[in-house]
Amino acid sequence: MLRDGEETPSRCELLTMVKKHSTFLGKTVVDASDVEMDPRFWHDVFDLYFLRGKDSRRRQDDDLVFFVSKLSSQGFNDDVPPYFVRRWAPKLDNLIGEKALEVDWRRSFHLNLIAHTTFTVTVAICSHQDLRNHQAEQDKPLSPIYKVVKIVYASPSRVNFHLDSQKASLEVETTPAYPDICFAVDDFDSTFDAVVLTETDHCYCVILNAHDGAAFPTAKEQDDCSSSDTSSLKVDISSVKAKSSKLTLFSGFVSYQMVRDAYDAGKSRFGNLLSLAHSPGKQDRLYMKGPGGHGEVEVAVSGVVDQSQQDTGPFSPVTSKRGFGIGFMVRKAASVASVAAKNAYAAAASSHSFDEELIPLKCCLMSISLPWEHIAYDLLFKGTPPVNL
């Protein structure tokens with residue numbers, strides 16, 4: 001790719017080359033003679049972007065490098081793990097040696113582009129009316145009733161949480177998920193303790209944004225790229241500069257009633273939108289499909305018990321101002337969430353008659369899963385404004 005004595009391209013320049021040769025991304029029929037399918041091209045881009053490039057070590061990237069197995073990606077051998085991992089090293093040959101022939105370099109590049117990008121998930125409670133107004137007028141900002149923003153990490157592995165455990169987020173097992181990419185929240189039970197739907201007008205909203213890392217060349221890199229006189233690359237820099245500093249990869253919401261109906265029924269009533277799998281423990285597992293059927297959100301749903309109706313036993317060392325024991329409801333470290341739950345019941349009771357039996361529902365996001373090609377395409381080409389809450 002480089003001539004003798006030629007300067008190593010910046011990530012900005014390399015990313016523009018990748019976009020030029022990613023026209024078949026997400027398509028099932030490709031022309032194998034095209035450079036997009038040329039393993040040598042992707043091998044060299046991979047090496048320059050993540051190992052030898054002048055930007056790769058300047059940035060605070062993860063030091064793990066992922067390699068997708070060629071046999072697994074082509075469906076020839078189900079017994080071959082879909083990928084393997086190595087610690088970063090400046091020379092590619094030192095990383096994999098003879099296994100280079102077993103690597104799908106195109107998929108490996110895109111997997112590392114995703115894995116080394118920074119993502120945040122926003123979980124919010126919004127009113128249904130506010131969402132309708134936003135859909136009618138895209139420029140109208142959303143004003144969430146409550147929201148939590150958390151950094152999440154892209155992984156080709158899936159975390160299977162055991163909700164029947166008393167420490168649900170600690171009892172996990174990991175299995176390969178690729179070609180899906182998973183964004184897991186290991187401490188979901190404490191992070192989203194206060195995300196409780198208490199009104200029939202409430203909607204549960206989940207947004208996944210990408211905003212930094214490998215897929216986003218810095219301003220300095222873009223300036224260097226635009227001023228570069230590297231004639232052999234002949235890249236169009238305007239496409240990189242046009243990309244927003246934040247991209248929304250997933251956005252979806254469900255109403256309180258939809259969550260409540262699935263919670264009560266214990267099975268799907270909404271086709272591809274919602275399904276619920278009951279667990280032996282107190283929490284149930286809710287699955288939400290993303291817009292257009294892309295992606296899946298896994299949520300732990302539990303009804304919030306009205307603590308004012310609970311007996312105050314001597315085993316409860318934590319009390320509220322009214323003297324209601326709450327120690328048996330939550331771990332000591334989550335006592336703040338118990339107060340939130342009590343307030344949730346009070347809010348529900350103040351605006352609804354008792355015969356409606358409105359149950360506050362706590363929704364804890366466990367993971368988001370998306371196909372790698374869907375993420376890679378959006379990181380490279382998506383130009384619509386991000387969803388902001």
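The legends below walk through several close-up views of this predicted model. Residues are numbered from 1 along each chain as its sequence is written, and side-chain values use heavy atoms, leaving out hydrogens and water. Because the model is predicted, local features need pLDDT of at least 70 and side-chain atom pairs count only at pLDDT 80 or more, while totals for chains, interfaces and linings use all residues.

**View 1. The largest nonpolar core holds 82 residues.** A nonpolar core here is a set of buried Ala, Val, Leu, Ile, Met, Phe, Trp, Tyr and Cys residues joined through side-chain atoms within 4.5 Å; buried means under 20% relative accessible area, exposed over 50% and partly exposed in between, with a 1.4 Å probe and protein chains only. Look for Phe67, Phe183, Tyr204 and Leu365, the members that touch the most others. Helix α2 (residues 39-52) gives the most to this core, with eight residues. Helices (H or I, at least four residues) and strands (E, at least two) are DSSP runs, numbered from the N terminus. A second, separate core has six residues, including Ala124, Leu142, Cys203 and Cys205.

**View 2. Phe46 meets Trp105 in an edge-to-face pair.** The structure holds 15 aromatic pairs. Rings of Phe, Tyr and Trp (its six-membered ring) pair if their centres lie within 6.5 Å, with planes under 30 degrees apart counted as stacked, over 60 as edge-to-face and the rest as tilted. For Phe46 and Trp105 the centres are 5.3 Å apart and the planes stand at 70 degrees. Because Phe46 lies in helix α2 and Trp105 in helix α5 (residues 105-115), this pair ties together parts that are 59 residues apart in sequence. Phe46 is buried at 0% relative accessibility, and Trp105 is buried at 6%.

**View 3. Phe67 and Phe84 stack.** Their rings are 5.2 Å apart centre to centre, with 20 degrees between the planes. Phe67 belongs to strand β1 (residues 64-68) and Phe84 to strand β2 (residues 83-87), so the pair joins parts that are 17 residues apart in sequence. Both Phe67 and Phe84 are buried. The charged end of Lys99 sits over the Phe84 ring, 4.8 Å from its centre (NZ of Lys or CZ of Arg must be within 6 Å of the ring centre and within 35 degrees of the ring normal). Phe67 and Phe84 also belong to one aromatic cluster whose members include Phe41, Trp42 and Phe109.

**View 4. Four strands form an open sheet in the order β4-β3-β10-β11, with antiparallel pairing.** Strands pair if DSSP finds at least two bridges between them. At the edges, β4 (146-152) and β11 each have a single partner strand, so one side of each is left without a neighbour in the sheet. Eight bridges join β10 (residues 202-213) to β11, and Leu208 has Phe250 as its bridge partner in β11. Helix α12 (residues 372-381) lies across β3, β10 and β11, at about 125 degrees to β11; axes are lines fitted to C-alpha atoms, for helices over the stretch in contact, and angles run from 0 to 180 degrees between N-to-C directions.

**View 5. Ser245 lies in the loop between α9 (238-242) and β11 (247-255).** Ser245 is exposed, with a relative accessible area of 58%. Leaving aside neighbours within four places in sequence, Ser245 is in contact (heavy atoms within 4.5 Å) with Ala210, His211 and Phe216. Ser245 and Pro217 are 28 residues apart in sequence and 9.3 Å apart in space, C-alpha to C-alpha.
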